[in-house]
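Good morning, and thank you for the time on today's agenda. I would ask everyone to look at the structure as it comes up, and I will then take its parts in turn.

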Amino acid sequence: MTDSRTERSDGSSLDKNDGKHVADPVEALPEVEPTDSSQSTIAPAATRNSTFGRLADMGFFRIVGLVVVLLLIVLVGTITAGDRFFATDNFLTILRSSAVLGVVAVGMTFVITGGGIDLSVGAVAALASVWATTVANQQIAQDTHWSFIVLVAVLVGAGAGLVNGILIAYGKVVAFIATLAMLVAARALAETISDNRNQSARELRGFFDFFGQKPLGIDMVIWLFVVVAIVGWVLLNRTTFGRRTFAVGGNPEAARLAGINVKRHTTLLYVLAGVCAALAALIYIARTTTGSSSHGELLELDAIAAVVIGGTLLAGGRGTITGTVLGVLIFTTLTNVFVLNNRPPSEQDLLKGAVIVAAVLLQQFVASRKRTT
Amino acid sequence: MTDSRTERSDGSSLDKNDGKHVADPVEALPEVEPTDSSQSTIAPAATRNSTFGRLADMGFFRIVGLVVVLLLIVLVGTITAGDRFFATDNFLTILRSSAVLGVVAVGMTFVITGGGIDLSVGAVAALASVWATTVANQQIAQDTHWSFIVLVAVLVGAGAGLVNGILIAYGKVVAFIATLAMLVAARALAETISDNRNQSARELRGFFDFFGQKPLGIDMVIWLFVVVAIVGWVLLNRTTFGRRTFAVGGNPEAARLAGINVKRHTTLLYVLAGVCAALAALIYIARTTTGSSSHGELLELDAIAAVVIGGTLLAGGRGTITGTVLGVLIFTTLTNVFVLNNRPPSEQDLLKGAVIVAAVLLQQFVASRKRTT
Amino acid sequence: TSNDDSSDDEGNPNLDGGNSNAEAGSNDEAGDKIVIGFSAPAADHGWMASITDSTERVAEGYDDVELRLVEGTNDVNAQISQVETFINDGVDAIVLLPFDGAAMTPVALQAMEAGIPVVNVDREFDDPNAARVTVLGDNYGMGVSAGEWICNDAGGETDLVIGEIQGIASLPLTQDRSQGFADALGECGLEVANQVEAQFTPESGTDAATNLLRALPEMDYLWNHDDDQGVGVLAAIEEAGRDEFKMIGGAGSKQVMESIKADDSVLKATVIYPSTQGADGLKLARLLAQGKAVDDLVEVEVPREVQLYAPVVTADNVDKYLETAFES
Amino acid sequence: MTTLDKQLGEPEGAPSSAGSDDALLHMRGIVKQFAAVRALDGVDLDVRAGEVHCLLGQNGAGKSTMIKVLSASYQPDEGTVRWDGEEVRFSTPQAAIKAGISTIYQELDLVPGLTVAENIYLGHEVSTAGFSRRGDTNQRTRDLLARLGHSEIPPGRLVGDLSPAGQQVVSMARALSHDTRLLILDEPSAVLDHGEVENLFRVVRSLTAAGVAVIYITHRLDEIREIGDRITVLKDGSTVATGLPARETPTSELIRLMTGRSIKYVFPERTEQSVSAEDVAAAEPVLKVEDLSLAGVFSDVDLQVRPGEIVGLAGLVGSGRTEILETIYGARRASSGSVHVDGKPLRRGSTHAAVKAGVGLAPEERKSQGLLLDQSVYTNITVSSMGRFSKLGFLDRGAEKRRAHEYVESLDVRPKGVEHAVRALSGGNQQKIVLARWLLRDCRVLLLDEPTRGVDVGARSEIYKLVRSLADSGIAVLVVSSEVEEVLGLADRVLVVREGRVVHEAVATELDESRVLDLVMEGTPK
Ligand SMILES: Nc1ncnc2c1ncn2[C@@H]1O[C@H](COP(=O)(O)OP(=O)(O)OP(=O)(O)O)[C@@H](O)[C@H]1O
Ligand SMILES: Nc1ncnc2c1ncn2[C@@H]1O[C@H](COP(=O)(O)OP(=O)(O)OP(=O)(O)O)[C@@H](O)[C@H]1O
Ligand SMILES: [Mg+2]
Ligand SMILES: [Mg+2]
């Protein structure tokens, strides 16, 4: 870095004779005399803001806010329910019940970061669970390998996501409406396929043997959630796909003019959300041994709430998987604390509403405090 | 107004001695010879297509698209169900069942046009219906006047809207989350107040006498819907309040700089939506004779869908009450046709999803055809 | 076919826990201190709310029972977690009214394997080993009762128009009710002309009924599966000014029974679906946990299955049932 | 006081003691701190009634922030404002408007979904009891527009449908719809062409004659000569000179005050191309556009750009140049015709394909079209070249930042970091980021739409040098500019566009300003 700069300061690059071939366009840039900048022109702000003002820091402080909220809930849980709350078994219970919401919320984080929204995830999970466990498919799975039903579920999820994506990106139907229509239609299709009956999948021995394992004492569905979260994090923060997601969500027109195929990328985001919904369907099957058209009701609202509480911008352009995972854990831990404390149902919902708002306000408060210091 | 202008046009204000008092500076501008302006190319598009191109016209073509969809449904209804469908009684039935959704959707149109969203309307309607029909309030209503329960409902709705509005406008909580929290909390509160029971309001004679009337053979709840729609239309299109709603939704920063109190206006929009939800609660009470915490489930999604199908921009800045009313009628007529034809519920939902998408696509198609001609 | 908890025979709601039935036996005397977990779907309508309430009241009557009551939920995933929490806690027995019987089977099995007796209420598991006792309403029987009542009332006529308003169609119990109804009607040569779905709520009842009344301009009988939604159904019937048919309800809410007694509307009968099932479940769970048996039976163990009877309430016998009725 | 102030001594040429009394506006020691940036660090400003007071400064000097403080869009952290002899603190924009301060902001702040008339009277609607009086509103709007010389703009037209220049007129009309005593214009000429600027000046002159004070912000020094009375120069958030006489102060002095260094030429100096003209002429064109049409906007555009060549598109605002560039780039789908890059045809309507083929576009509206405002400088620079920093889709962020940093250094973007959000940069620096993106990409063809709009003199000359050196490195450059001097100075060949058609093509040295203006205007529709 420094060497390359000193190299250039000899001025040889100003030699214009070999102008036709420029290896590095920077070489071709006019030099600015060093005296200039040293003299005065550096904005007073520029020198000051090396530590603050960075985007990553803002995100960091939001995460701190969420962790504080989560710790508060854990504290309340420990005080009110003692060992019953603060126990490995109970934490595993919380994580198991987080798996469905968590997996779906990771997919939702991508869609929302990319400037969209997906109301159909719960219905798609129901559809995938039903489709994967039809008698015919279970038969094929028994004849071949249990992973066949995984394949079916993922294909159904991806297919539904593809339809969403195409309607939204190419058909220019606003995402809220397209996915609302998918919600209605997918659940109806699930009801039709299953004839409104639960489809038992108990005979799928291989499937349940697999999901019955507990590597390191941790349930397979929790591992699935962990893996999805990690893959999601890497995908969003470390790959070109993630970078494009931020660009598409932040300013689709600018992204398009920067050469990104915005339509294709948008479509892929919904496919991703559909696949995540399909994974949630597998968790449903693993936990309930059934495929049912009533799985995942209102899951979409919980997922969106978790994502937004986590700090992802509903308008797109900013997203965080870490925040989403924390948002999910806040929700499920809260419910767990309520259950352990035997509170009446209506009170739980009343408090849940208050906690949602408080979490958002606290985050904003923490972030804004840090900004002004 | 005109007099004050003539007063000033004597040019005395050009006198610089009393520079402190400057009259309307526009008056100071010299008239420009018409040749000047005709040469200007500043608004060539304006001169090029003076009849089309106005977005109001675009709105017109969208409305045409909606009317086409509605007529198609009516056609299908008439073909498949004949007289049972095409009858005054049946149309009244459709309108009666549109009233709740219609009233709520009018309020939602304002919120969405103003750049927000309100997920709590259904829950607030439930809360208002329950609160207005508590034993104590019914007693007061019987001791004083039945309109007391109208007052209670409206106050509850306005109060819930006020909380939403303050959280969103002043607390800067994103609308989706604030109103989602309100949804959860308001329903929980309704359950607590009613103890999960239906609260019969049959004893409120005056109330039911009033709503039992049928001026011109048309039910009172339909009149209520009609009045709300007309008032909404006038408010949105003919008043400064409506104008400012467009501005706040279209470009909040510009609205702020133009001197509009954006926060207050936003708050008022949610109050308005809350009041509409309260009116819906009254319709619930009138039609079901009960206040119940289960009223209005998923009403918010139907309302948003109707509003957006009607042509209101989910991102804000464009809104149409006419479109919303058509969107509502499309929904309810569709359901009516299905029931008259005795179709199973899942098939209805499957087709409903398709119709939602088709309606949006058709509108876009009609609008874009007209734009390119 | 039906078995019944003792209290119903006396027409006396045994909802006050230990007191009312104390002289009937020693069962209500305090035993070991036990913890019972109870989980049910969201109490979003009167019948379901009554399930929870009556259970709670019965539990309060026992000094030896600590009831763990969790938020009702229609999300199987959440309900599974609730039961898991009960297992972690090591409660002495679990009373479970699943949102979806089949989906809750694995976790119920888990509880049974952990040595916690599970009492399954209303919506049945799909594995008999998942519950020690099953307390069932008779959904199929409900439909049959409603159908038979119509057959009797119709007196052999066969060209009658019959409407049906279901509850949530995707629930097995709804399908059982409709099946029983259709089968019973078939016996006397009748069939359902039009069937619409409601959601157990008054609002959905109004909507469904409004449209159904349009679809059937002339109707002879209407069966409405649920009295909660029935409030809305009746309002819609009044709104439409129709009275040419007879209506029969379901579940048996207090308001409906009062209306039947007063004979002031098209509503002539209702089929009871006891809302005290949860409370019955709790009582049985207590017995199980304390190692007792049902007093009035000779059997020394709590029976495997208790199926409640689905009687038809009409103006003639309404007084007998009015007291057990729930408020919708 | 900053060290710089001490160096310069008292602000130059200011009759400060005398001026303070008759000053309409008197601002002292204004400080405004954003999260990390001290945008204003003690700014002073005096404006008298009836004068045109010019505010000068480099990009990011704090001009826009200053006027936003004045119009109460921002609240200052420190400092005093005296208005009409009294110390005031406007708490809302409404209060400032009421006091007689009207502002036309740099970013056109109109509501696209409202009509012209509605925008003009937004916030002070013509109404009775809350009901708007549309007839009156439209009539008054027509009057206003007529007086501004634009009676051809219909009051009922949606503002979103107007060209940027038309929107500028609406902003002006809005400012004048209030009883104005101070009119603030923040770079109003940026979107206007020659004739429109004249018209604007006519309006400004008649206003000042009526005693209205005007604060005028611009980066075009010739405009200051023409319209300005006095000048205040800002630098790095503080006042370095105030009350300079606009006509007498030498340009070099102004530039020195603004930038702290001397720049000889504002417009590019006509230097000999390093590659001889014959060489260029002999080379195969990199960009070849044939019969390109976009229904209703432009038709039958033919043009070729050879490696090392800069081709300029001159024309009036609204003549369709932006659309030509965007259609070449694939951002709009051509209705007919073809575009070839290096002999290979470009897929229609795909920016992705264009970028892959080595074409880059620096769009006209950099905020809405060019930048991801809330994302970091380095992601904005690397967004079109991500492939270069990734293996199997995984990005090497260290490498990205290093490369971005090199460009930030060499283009002298300030502040220097690469991790803060682009939103915090001033206009000129944002433009440099957009250019850096395409430099990094190693484009074969670069399309520049108004590359120096809103860019200060210092940065401007750097951008000219940059564009020239790019061309010298073998890139084909196509430039759109509304400043005739700029086109003539920068381009080798100039195409004149009128009403969507190329009406003239010539080597730049064979044209002069008046000739181009003639060609541009000739036969405009009557
Ligand atoms: N909202 C903001 N948040 C953070 N920094 C800001 C904000 N607005 C402006 N700044 C910073 O304040 C400084 C002054 O910006 P300002 O827009 O006033 O410059 P300007 O003189 O108008 O420049 P230009 O000529 O490019 O318009 C710049 O460094 C800019 O980055
Ligand atoms: N989205 C649009 N809808 C309707 N008309 C448009 C639209 N965009 C541009 N126009 C019209 O197309 C014509 C060409 O505009 P364009 O912006 O290409 O001109 P230009 O020569 O680039 O001018 P400028 O210097 O302002 O960029 C103008 O008449 C403009 O009003
Ligand atoms: Mg500026
Ligand atoms: Mg242009």
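Before turning to individual chains, one term is needed: pLDDT is the predictor's confidence in each residue, on a scale from 0 to 100. It is needed because what we have here is a predicted model. For the model as a whole, the scores are ipTM 0.83 and pTM 0.84.

Let me begin with chain C. Its mean pLDDT is 83, and 90% of its residues score at least 70. Where in chain C is confidence lowest, and where is it highest? The lowest mean, 38, belongs to helix 1 of chain C, residues 6-9, while the highest, 94, belongs to strand 8 of chain C, residues 221-224. Across residues 1-24 of chain C the pLDDT is below 50, although this stretch still has 41 contacts in the model beyond near neighbours in sequence. A word of caution applies: where pLDDT is low, the predicted coordinates should not be read in detail.

I return to chain C for its architecture. Its secondary structure consists of eleven helices and twelve strands. The chain has 328 residues, of which 66% count as buried. If we take the contacts in chain C between residues at least 6 apart in sequence, 72% of them join residues at least 24 apart.

The next topic is the disulfide. How many disulfides does a search of the whole structure find? Over all chains, the search finds one. Its partners are C:Cys151 and C:Cys188, with an S to S distance of 1.9 Å. The angle about the S-S bond is -65°, and the link between C:Cys151 and C:Cys188 is left-handed. C:Cys151 belongs to helix 5 of chain C (residues 139-154), whereas C:Cys188 sits in the loop between helix 6 (172-187) and strand 7 (192-197) of chain C, so the bond ties together parts that are 37 residues apart in sequence. Are the two cysteines buried or exposed? C:Cys151 counts as buried at 15% relative accessibility, and C:Cys188 is partly exposed, at 24%.

With a relative accessibility of 10%, C:Arg68 counts as buried, because the cut-off is under 20%. Its side chain makes a polar contact of 3.4 Å with the side chain of C:Glu66, and a polar contact of 3.0 Å joins it to the side chain of C:Asp89. Leaving out residues up to four places away in sequence, C:Arg68 touches residues of chain C, including C:Phe38 and C:Phe86, and also A:Arg84 and A:Asn342.

We come now to the metal site in chain D. Which residues coordinate the magnesium ion, ligand 4? They are D:Thr322, through OG1, and D:Glu364, which is listed with two OE donors, at 1.7 to 2.7 Å. D:Thr322 lies in helix 12 of chain D (residues 321-329), and D:Glu364 in the loop between strand 18 (359-362) and helix 14 (366-370) of chain D; the pair is 42 residues apart and links distant parts of the chain. D:Thr322 and D:Glu364 are both buried.

A further position in chain D is D:Leu56, in strand 3 (residues 52-57) of chain D. D:Leu56 is buried, with a relative accessible area of 0%. Although D:Leu56 and D:Leu257 are 201 residues apart in sequence, their C-alpha atoms are 9.4 Å apart in space. Among the contacts of D:Leu56 beyond four places in sequence are D:Leu221, D:Ile231, D:Val233 and D:Met258.

Finally, the nonpolar cores. The largest has 245 residues, and those with the most contacts inside it are A:Phe207 and B:Phe207. Helix 15 of chain B, residues 262-288, gives the most to this core, contributing 15 residues. Beyond four places in sequence, B:Phe207 is in contact with B:Trp146, B:Leu282 and B:Ile285, among others. A second, separate core has 96 residues, including D:Tyr329 and D:Leu435.

How values were computed. Residues are numbered from 1 along each chain as its sequence is written. Chains are lettered from A and ligands numbered from 1 in the order in which they are written. This is a predicted model: local features need pLDDT of at least 70, side-chain atom pairs count only at pLDDT 80 or more; totals for chains, interfaces and linings use all residues. Side-chain values use heavy atoms; hydrogens and water are left out. A nonpolar core is a set of buried Ala, Val, Leu, Ile, Met, Phe, Trp, Tyr and Cys residues joined through side-chain atoms within 4.5 Å. Buried means under 20% relative accessible area, exposed over 50%, partly exposed in between (1.4 Å probe, protein chains only). Helices (H or I, at least four residues) and strands (E, at least two) are DSSP runs, numbered from the N terminus. Contact means heavy atoms within 4.5 Å. A disulfide is a pair of cysteine sulfur atoms within 2.5 Å. A polar contact is a pair of N or O atoms within 3.5 Å; within protein, one must be able to donate a hydrogen and the other to accept it, and residues adjacent in sequence count only if both atoms are side-chain atoms. Donors are N, O and S atoms within 2.8 Å of the metal (3.2 Å for Na, K and Ca); water is not among the atoms, so sites may look incomplete.
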